[in-house]
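This report is for a reader who has not seen the structure before. Please look over the sequence and the model first.

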Amino acid sequence: MSNPISKKPIYNLNLVLQETGIKADTLRAWEKRYDLPQPDRSKGGHRLFSEYDIETIKWLMQRQEEGMRISRAVDLWNSILSNGQDPLFSPQTEQTMKPAVSISPQDSEALEFERTRWVEACLNFDENAAEQVITQSFAQFSLETVCIKILQAGLAEIGSLWYQGKASIQQEHFASELAVRKLHALISAAPKPVRSDTILVSCPEAENHVFAPLLIAVLLRYRSWNVIFLGANVPKIQFEETIQKTHPSLIVMTAMRLTTAATLLDTALYIQDLNVPVAFGGRIFNYSPDLIKKIPGYFLGEDLQKSITAIENLLLSPMPPLEYSADINRFSDTIDDYIENKPIIESLVLHKMAEKYQDLHPERILQEVNSFLSQDILAALFLGEMKLLGTNVEWVKNLFGHRELSQDLISDYLETYAEAARTHLPETGRPITAWLEAITGSRA
């Protein structure tokens, strides 16, 4: 439980309005209609509020952000009081602070319409129009609904368009920047946390996709949790000092790619020695469920809303024992030899492919694919299981296809890579060459 909140009436109305962001007319209506909050009066008849009154107002406003009507929020407050509990610290509040109520078909249509408008504004680099869509949406729907159904879903749509070759990387980056900026603004405007537990939220080293963990931080903050967002690309060695200063109850990390699942594993093993529990999630674990059992932490589920519930359950209930099977030393020699010979393998592949397909000028896309493939091979080796590369190969193949490059080029690229690997890797490289042979049907 957090430290007791003072009930001494010392704050005037202007300070309360500034601290909470509530309108004076709204506050007066709450006092008159619901007798909440209950300020004292000065000798001159002016209302005086306590710190507890301020937190009460924030509590009620937060319930509204979650989709609850003010009358229902007041009923909840009074119900908790009648059970002899303080609503600001009550387990009943914790269980009630769940995602917004189910969305009606009419609301679903409205959300889809607004999401389409936001995506179109981003693709047109129209910041004002995109901001207007979000502002109007917040007036109709809860904070959580707008963030998930418009911002998160909109970014996923734009990412899919890029993958299909129908949107540029600049358009994707523009949309991501707008969405991230909006989330940072929401964190700045969030009520002060009233719960004692601290949660660190971050991306592991090399992970730069910050939207999902930042959204987790936002939604937890609006449920009164004390959240510290560390941002992208956090090296594992920085956690020890941060843990010593913040004393977190839980560390949450997300990974979107196989490569960053490997760095997440490395970081989780490091944090395990610091005796702080880790929770994790991200897109790659949905595509490769076998990865989940390799991480020494608690998997948060397949979507963001489930993640929030899972985090709260971990903090409010005894944490179950961990079960994982990481084997980071299984292919250590293979990793060393692959790193040493990777430059010559990639150079040979680029040379042969450019020579054979010189009319297509595939050098740039091949350099990109070389980079993705080599990083993923190293990640799979570190994670101890080459079959984890299965979904990533399909990603590479589709990337070629969406760039209107022929299937022959796709097959030739993988077969050329397999041949170069067989030629330049020693026997320790057999896990790599065996995997390449399996996916191409080729043999030495």
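The model is predicted, so local features need pLDDT of at least 70 and side-chain atom pairs count only at pLDDT 80 or more, while totals for chains, interfaces and linings use all residues. Residues are numbered from 1 along each chain as its sequence is written, and side-chain values use heavy atoms, with hydrogens and water left out.

**The largest pocket**

The largest pocket holds about 1700 Å³ of space. A pocket here is an open set of points on a 1 Å grid over the protein atoms alone, where a 1.4 Å probe fits, with protein on both sides within 12 Å along at least five of seven lines; lining residues have an atom within 4 Å of a point. The volume is the space filled by probe spheres set on the points.

The lining has 45 residues, and Ala156, Glu172, His209, Met256 and Arg283 lie nearest the centre of the pocket. By class, 20 are nonpolar, 17 polar and eight charged. Asp, Glu, Lys and Arg count as charged, Ala, Val, Leu, Ile, Met, Phe, Trp, Tyr, Cys and Pro as nonpolar, and the others, Gly among them, as polar. Helices that each supply at least two lining residues include α8 (143-163), α9 (169-189) and α16 (363-383). The largest share, eight residues, comes from α8. Helices are DSSP runs of H or I with at least four residues, and strands are runs of E with at least two, numbered from the N terminus.

Axes are lines fitted to C-alpha atoms, for helices over the stretch in contact, and angles run from 0 to 180 degrees between N-to-C directions.

| Pair | Angle | Axes |
|---|---|---|
| α7 and α8 | roughly 140° | within 9 Å |
| α8 and α10 | about 175° | 11 Å apart |

α8 is therefore roughly antiparallel to α10, a term for angles over 145 degrees. Contact, meaning heavy atoms within 4.5 Å, involves residues including Leu143, Cys147 and Leu151 of α8 and Phe211 and Leu215 of α10. The classes in this contact are nine nonpolar, one polar and one charged.

**Two backbone features**

Leu36 and Pro37 are joined by a cis peptide bond, with omega about -5°. Pro37 sits in the loop between α2 (24-34) and β1 (40-41). Phe125 is a residue other than glycine with a positive phi, near 55°. The place of Phe125 is the loop between α6 (105-123) and α7. Most residues other than glycine have a negative phi, and most peptide bonds are trans.

Key
Parallel < 35°, antiparallel > 145°, perpendicular 65-115°, else oblique.
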